[in-house]
Amino acid sequence: MRISVQEAPFDLGKETQAFAEGRKDMGAIVTFTGVVRDVEGGLAQMEIEHYPGMTQKALEAIASEATERWSLGDVLVIHRYGRLQAGEMIMMVATASRHRKDAFEAAEFLMDYLKSRAPFWKKETTGAGTGWVAARDEDEDALDRWTNPA
Amino acid sequence: MDVLYFAWVRERIGIPKEKVTTEAATVAELVAELKAREDRYEAAFSDLSALRVAVDQELTDFDAPLAGAREVAFFPPMTGG
């Protein structure tokens with residue numbers, strides 16, 4: 001398991017290649033990449049603030065829970081902070097498992113939890129001004145399916 | 001203890017971190033003490049449903065005890081990913 005909280009950009013291709021190669025026992029690699037989305041009127045910049053002491057631990061706890069719930073060979077989480085522009089990659093997760101179901105589900109679980117349980121906050125600057133991105137109810141609701149499986 | 005503020009909570013209070021000496025037994029009691037200080041605290045803590053809290057870097061709730069706590073952080077709901 002590798003968790004990286006970093007300001008610098010990451011190379012999606014290199015990270016995915018390094019994560020995937022040399023695994024003879026893992027039949028499935030799933031990756032998800034989050035990209036800064038432009039907004040109406042144009043995004044001048046997005047600033048991501050985080051809680052340095054807590055972020056790494058929170059991400060490790062989420063990744064550890066994923067490895068307990070699914071049969072995973074490995075997990076990678078990279079999440080950036082600082083100033084980003086539209087189109088830049090913010091974060092990625094990768095999961096490896098013997099069969100694809102575990103890798104897909106675990107990647108979704110990781111995304112759902114790090115949306116609303118990892119201490120990051122996004123601030124957008126547009127032509128209309130600057131404001132903090134509000135958490136969405138849907139993101140909170142998304143956790144229900146993992147805590148109350150149908 | 002250290003009290004930390006993030007995102008708009010930090011902006012409203014005007015500082016990222018401060019040392020607070022308190023006898024508060026719970027997070028809620030600490031919030032009450034801070035609100036009584038100045039308008040900017042009152043403004044930041046006016047709607048607790050819009051806030052989250054971590055004690056010693058673990059998410060918890062406003063009823064959480066503060067005995068032995070070294071660090072309390074207040075922030076809006078997180079927007080990672």
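A residue is called buried when its relative accessible area is under 20%, exposed when it is over 50%, and partly exposed in between (1.4 Å probe, protein chains only). This is a predicted model, in which local features need pLDDT of at least 70 and side-chain atom pairs count only at pLDDT 80 or more, while totals for chains, interfaces and linings use all residues. Residues are numbered from 1 along each chain as its sequence is written, chains are lettered from A in the order in which they are written, and side-chain values use heavy atoms, without hydrogens and water.

A salt bridge is a side-chain nitrogen of Lys or Arg within 4 Å of a carboxyl oxygen of Asp or Glu. Over all chains, the structure holds 16 salt bridges. Helices (H or I, at least four residues) and strands (E, at least two) are DSSP runs, numbered from the N terminus.

The closest N and O atoms of Glu49(A) and Arg10(B) are 2.4 Å apart. Glu49(A) is buried, at 13% relative accessibility, whereas Arg10(B) is partly exposed, at 24%.

Within chain A, Arg2(A) and Glu15(A) form a salt bridge of 2.6 Å, N to O. Arg2(A) lies in strand E1 (residues 2-6) and Glu15(A) in helix H1 (residues 12-20), so the pair ties together parts 13 residues apart in sequence. Arg2(A) is partly exposed, at 39%, and Glu15(A) is buried, at 19%.

Finally, Glu108(A), Asp112(A) and Arg145(A) are linked in a network of salt bridges.
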